[in-house]
Amino acid sequence: MKFPEGFLWGTATAAHQVEGGNINSDYWMIEHLPVTPFVDRSGDACDQYHRYREDFAMLSGMGFNTYRFSIEWARVEPEPGEFSNAAIEHYRRVLAACHEARMAPMATLHHFSSPRWVAARGGFENRETAKLFARYCERIGRELGDLIAYACTINELNSVPHLQHSAVMPGDDAILQLPWRVEAARRYGIGPEGFSMFPFAALSTTAPVVIEAHRMAVQALASGRGRFPIGMTVAMQEIEAGPGGEEYAARVARESEDIFLEAARGDGFIGVQTYTRRRFGQSGPLPPPAGARLTQMGYEYRPEALEATIRRAASIARTPVIVTENGIATDDEAERRDFIRKALDCVGRCIADGIDVRGYYYWSAMDNFEWALGYAPKFGIVAVDRATQRRMVKASGEWLGRVARANSPEIEA
Ligand code: BGC
């Protein structure tokens with residue numbers, strides 16, 4: 001089973017999770033509150049802000065032909081309307097280095113973190129943020145578009161309904177009262193409704209704004225230098241109904257995925273991001289079946305989920321599909337390889353059925369800052385010694401690199 005010629009074989013990261021020192025972002029601020037829900041601080045992360053050349057040489061040497069990373073809005077526009085030429089030049093060097101390493105750069109314009117000032121204006125709960133985001137995207141397209149190979153606008157723009165329906169996040173009323181949100185707002189001298197950090201945001205107000213922000217961002221990026229495919233990325237699960245849960249599961253699919261996939265029609269691609277399956281009962285999510293194997297995230301081990309989500313994404317968005325994230329948090333290298341292998345079989349079956357799947361990005365290139373869970377979950381195919389920043393390619397990384405080079409998952413173990 002060979003994958004189509006030119007298939008994108010990559011790994012993915014996000015600025016706040018790997019760059020380090022993202023001090024002007026809303027996440028950095030929240031990490032440092034006495035009432036923070038984060039177990040670790042991002043700190044130096046993997047110091048990729050300085051080590052990108054070495055990282056690109058390593059990933060390219062392993063066999064990958066593309067790399068997905070994010071450009072940090074908080075660095076590019078540290079104050080409203082005040083753009084940092086130095087930060088833009090930095091990302092110019094990063095994009096150029098990625099090309100020099102013979103990897104096509106896929107740039108995400110927003111991967112969860114925002115400048116603090118955006119959060120203090122209500123983040124994506126405020127309609128004005130769509131325009132502000134588009135203005136930043138316009139600037140990036142104009143200054144860096146000639147070096148971008150693929151662009152993702154907003155990472156998992158559906159993550160607010162996705163997390164609420166999975167009961168990972170409470171409903172809107174409770175979100176407004178989260179102690180860290182109240183405290184962050186107090187520091188800005190505003191009420192808790194005025195401070196919003198994506199995706200820990202109110203569903204009712206955020207969903208329409210992110211869709212509008214995506215549409216405006218697509219246009220803004222396309223107006224710049226360079227012609228490259230632009231898409232959104234969507235957090236998708238294999239959604240299943242438990243006994244009596246048909247109606248609820250259908251509602252979840254509609255509200256947390258389909259309305260976003262419909263908004264992607266006409267885009268260059270749809271980015272599918274899948275980690276597990278979730279089952280729903282009459283009035284909410286059900287726990288994984290008794291005895292189910294769980295990952296370090298507490299998710300059901302379910303690599304097969306990717307097949308269902310690729311098929312749904314393609315049929316609703318009607319665009320080419322790129323798997324922009326798929327992965328597992330584990331310390332067991334055999335388990336990681338087995339997971340990826342099964343996921344790639346899903347990709348292969350979809351391609352064989354005529355679905356236009358253009359690429360697979362494993363999350364993540366390296367162990368990194370897993371948001372509120374800190375540095376404990378190990379998603380990487382490269383380990384990082386955080387004291388020395390030394391990188392160590394794991395067995396699964398060597399294997400996936402060889403798969404990438406062969407353009408086929410069917411290689412000797
Ligand atoms: C996010 C990543 C995150 C990963 C693993 C995705 O939802 O885009 O930032 O680290 O899942 O949990």
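Modeller: Let's start with the largest pocket, whose volume is about 960 Å³. The model is predicted, so local features need pLDDT of at least 70 and side-chain atom pairs pLDDT 80 or more, while totals for chains, interfaces and linings use all residues. Residues are numbered from 1 along each chain as its sequence is written, and side-chain values use heavy atoms, leaving out hydrogens and water.

Biologist: What makes it a pocket?

Modeller: On a 1 Å grid over the protein atoms alone, a pocket is an open set of points with protein on both sides within 12 Å along at least five of seven lines. The volume of about 960 Å³ is the space filled by probe spheres set on the points.

Biologist: Which residues line the largest pocket?

Modeller: There are 44 of them, and Leu163, Val168, Met297, Tyr299 and Glu370 lie nearest the centre. Each lining residue has an atom within 4 Å of a point. Helix H8 (159-165), strand S5 (230-241) and strand S6 (269-280) are the elements that give two or more residues to this lining. S6 has the largest share, seven residues. By class, the lining holds 26 nonpolar, 11 polar and seven charged residues.

Biologist: Where does the ligand sit?

Modeller: The ligand sits in the largest pocket, meaning that more than half of its atoms lie within 2 Å of the pocket's grid points.

Biologist: Which residues come nearest to the ligand?

Modeller: Gln17, His111, Glu156, Glu325 and Glu370 do, out of 13 residues around the ligand, each with a heavy atom within 4 Å. Glu370 is also among the residues nearest the centre of the largest pocket. The shell around the ligand contains six nonpolar, four polar and three charged residues.

Biologist: How many cavities does a search of the whole structure find?

Modeller: Three of 30 Å³ or more turn up, and the largest cavity holds about 80 Å³ of space. Among its 14 lining residues, Glu19, Gln48, Phe69, Tyr91 and Val94 are closest to the centre. A space is called a cavity because a 1.4 Å probe fits there but cannot get out. Helix H3 (48-62) gives the largest share of this lining, four residues. The lining divides into nine nonpolar, four polar and one charged.

Biologist: What makes the peptide bond from Trp363 to Ser364 stand out?

Modeller: The bond is cis, with omega near 15 degrees. Most peptide bonds are trans. Ser364 is in the loop between strand S9 (357-363) and strand S10 (382-385). The bond from Phe198 to Pro199 is cis as well, with omega near 0 degrees, and Pro199 is in the loop between helix H10 (179-187) and helix H11 (203-222).

Methods
Nonpolar A, V, L, I, M, F, W, Y, C, P; charged D, E, K, R; others polar.
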